[in-house]
Amino acid sequence: MAFTALLANKMRSLLTMLGIIIGVGAVIAMVSVGMGVKSDVVNSISSLGSNMLIVSPGSTNRGGVRGAAGSRTNLKYDDAKAIKEKIKNIDFVSPSVSRSYQIVYGNQNWNSSVMGVTPEYMSIRSLEVSTGSFVSESDNNKRNRVAVIGSTVATNLFGTTNPVGQNIRVNNQPFKVIGVLESKGQSSMGQDQDDVVIVPLTTAMERLMAMDYVSSVNIQVSDANKMDQVQEDIEVLLRQRHKIIGGKEDDFNVRNMTSLMETMSQTTTMLTILLGSIAGISLVVGGIGIMNIMMVSVTERTREIGIRKALGATFQNIMMQFLIESVVIGVIGGIIGIGMGCGLSMLVGKFGNFTTVITPLPVLVSFSFSVGIGLFFGIYPARKAAKLDPIEALRYE
Amino acid sequence: MSNIEKITISLRGIKKLYKVGDQEVAALNGIDLDIKEGEFAALMGPSGSGKSTLMNILGCLDRPSVGSYKLDGQEVAHLSDDMLARTRNQKIGFVFQNFNLLSRISALENVALPLVYAGVDSDEREERAMYFLEQVGLADRADHQPNELSGGQRQRVAIARALVNDPQIIMADEPTGNLDTKSTKEIMEIFQSMHEKGRTIILVTHEPDIAVCASRQLLVRDGVITRDEGKGVVLDVV
C-alpha cells in the first residue's frame, strides 16, 4: 500500500528521498575523510617510534632575554649514558645531533641534514637498511668516518650506481657509505624522511661539528604504562646532574610522544565529529523535507482518508499507513545514501589526496538516523491524517 | 403484538446541537424512530432539514448530542471513534452520491477495502470481493480502475463494496444523484433485489419517484420527522 502511494508520485518521492540520500551520503563521506586523516596522523606519529620520550635542552636565558628552545648547550652525551645506566624500564636511549651540510659525490652535490646517532637510533625509529649495514657500536667508539644515507640522498648523488662502498664528502671530509636506508616516505609534517645522512654520534660531534653537547636524546620506554614514571625519573636525574635545586627552572625539556599522539588523535576526532555533524544537519533538513511532503500528501488525500474511515479504518490504521510511507522513504533514501556515500569516499580516496576509511559505525548510525528521521518527521502528518473527522474528510473537494 | 419482527435501528430523543457564535442551533431536534429488519426506508427532506445530519448519525459517522441510538440492540450513541469505526466496518455498508471509490486501485481492490480493515486475509478478501462484483455484473471489470468505468458501473462497484462485509444495513446517500435515467433504473433494481433478499436499506433522496420504490417514506423538516408513510404515497418534498 505504501509502495503504491509512493509509486503514484514517483518524481515527488524521489525528490523527497534526495534530501535523505544527500544527508546520509554526506555523513558517510565526511566521516570517512575525517577517519582517514586520523589514521594518517596516528600512523605517521607511531612511525616515529612508540613509547617515546624526547629530552631536549632548554632555552638560553641571558639577563632575562630568552633564546630559542634547544639553544642551550648543556645536554651532554654523558647525560644520555647516565639515563641508560640509572633509570629502569628503558629499552633504548639514543642521543643525537644534526646539522645541514653539502654532500658531494664525484661531480654531484646535494644539501641534506647530517645526523650523528648511536646504533640504538635504528631500533628506536624503526629504521631498516635496504643494502649494507647501519652504524655499529665500534664505528661510534672509534669515531669512524662512515655514513648511512637515505634513499633520497642516494638517488640524487648516485643515480643507479650502488652507493655502498663509495666515498662521499661531507663538509669536505671523506666518509665511506656503508648502507642505504629503507624508504620511509613523508612525515606527517610534510618532511622527506629519506633526505638524511646518518653518521656515528662521536664522529659527528668531534670531527664534523666540533660540539661537546647533543641536541636531543630519544628514549624508548619498555611499557606504555610506565611513561609518566620514567619521565619523572629522568627529570629528577637530570636536575641532579645539572645541579638545579629548589624551585629553579629546568634547563631541559622532556616531551612525551604519547601525549602528542593523544592530542593529534583528539584533534582529528574533533575534526571528524565536526564534519559529521555539519553533514548531519543536511540529514535533518532532509527529514523536514519528508515532513513537508507528507503534510501535502495528507491534505491531498483528505478524501481518500475520509473514504477509508467510513469503511472502518481506525485511528491506528490511518496512522500506520502514513507512517509506513515516510519510513519507507527514510529506508530507501538511507540505502541509496549509503551507496552514494561509500562511492563518494572511494572516489575521494582514489582521486583526491586523502586517505578515506569507511567503518561500519557511521554507516549504521546514519542509516538508523535516516529511518528514525522518517519515523519522527512522519508522526505529525500521520497523526493529522488519522485525526481527521470522517464527515469533514468526505465532504472535502 | 403485531410487532414480532426484529428492530434493527432504534432512535430515542436524538438531538444534534451546534454552537453558532454563542447561540445553540439544533440540526436535529428530538428524533424518535424505529426501523425494522428488512425494511426499505426512504429518508426525504429539503436541504437544511437535517436529513444529512440524521444520515451521519445513523451511519455512525457522527454522534448525537443527546439521546439514545441502538443499532442491532447495541447502544452506539456514545462510543469512541475507534469503536464507531469498527461498527461502521461490520454493520453498515455505505453507498455515496459521488461513489467515493479510491481512484488509484482496481475495482476489485476497492470492493475488498472494508475487508482489509476487518482483518480478513488476502486470499479470502479477493474471493469475497470477486463474488460481490459478480453479483453486480462487473466480474469482467475487476482489474479496471474506477476512471475506466462509467458512472453506473462505478456505483455498482460501490454497492459491491457496501455488501462485501455482509452488513445489517445499507446506507445510500442519493445513490442515483449523479446518474442518467438508464443507470438509475439499474441501480434501483439492485436495491429492490437487495430488499427482497431481506436486507435493511436506508435511502436518502429528494426525488419522489425514487422514494416510492421504498416500503416506507420518512419526511424530515426542521430537525424532526414530520411524516411517516407506507409504500405508494407520493410525498411532496417542497
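In the predicted model, strand β4 of chain A (residues 90-105) pairs with β8(A) in the antiparallel sense over two bridges; pairing here calls for at least two DSSP bridges between the strands, and strands are DSSP runs (E, at least two residues) numbered from the N terminus, with helices taken as H or I runs of at least four. Opposite A:Arg169 of β8(A) stands A:Val104. Buried means under 20% relative accessible area, exposed over 50%, and partly exposed in between (1.4 Å probe, protein chains only).

β8(A) also pairs with β9(A), residues 173-181, again antiparallel but over four bridges, and A:Val170 has A:Gln173 as its bridge partner there. The two strands make a hairpin with two residues between them, and A:Asn171 in the turn has a positive phi of about 50°.

Turning to the cores, the largest nonpolar one has 65 residues, with B:Ile9, B:Leu11, B:Leu58 and B:Tyr69 making the most contacts inside it. Such a core is a set of buried Ala, Val, Leu, Ile, Met, Phe, Trp, Tyr and Cys residues joined through side-chain atoms within 4.5 Å. Helix α11 of chain A (residues 315-351) supplies its largest share, eight residues. Another core, of 45 residues, lies apart from it and includes A:Phe175 and A:Ile219.

Residues are numbered from 1 along each chain as its sequence is written, and chains are lettered from A in the order written. Local features need pLDDT of at least 70 and side-chain atom pairs 80 or more, while totals for chains, interfaces and linings use all residues; side-chain values use heavy atoms, leaving out hydrogens and water.
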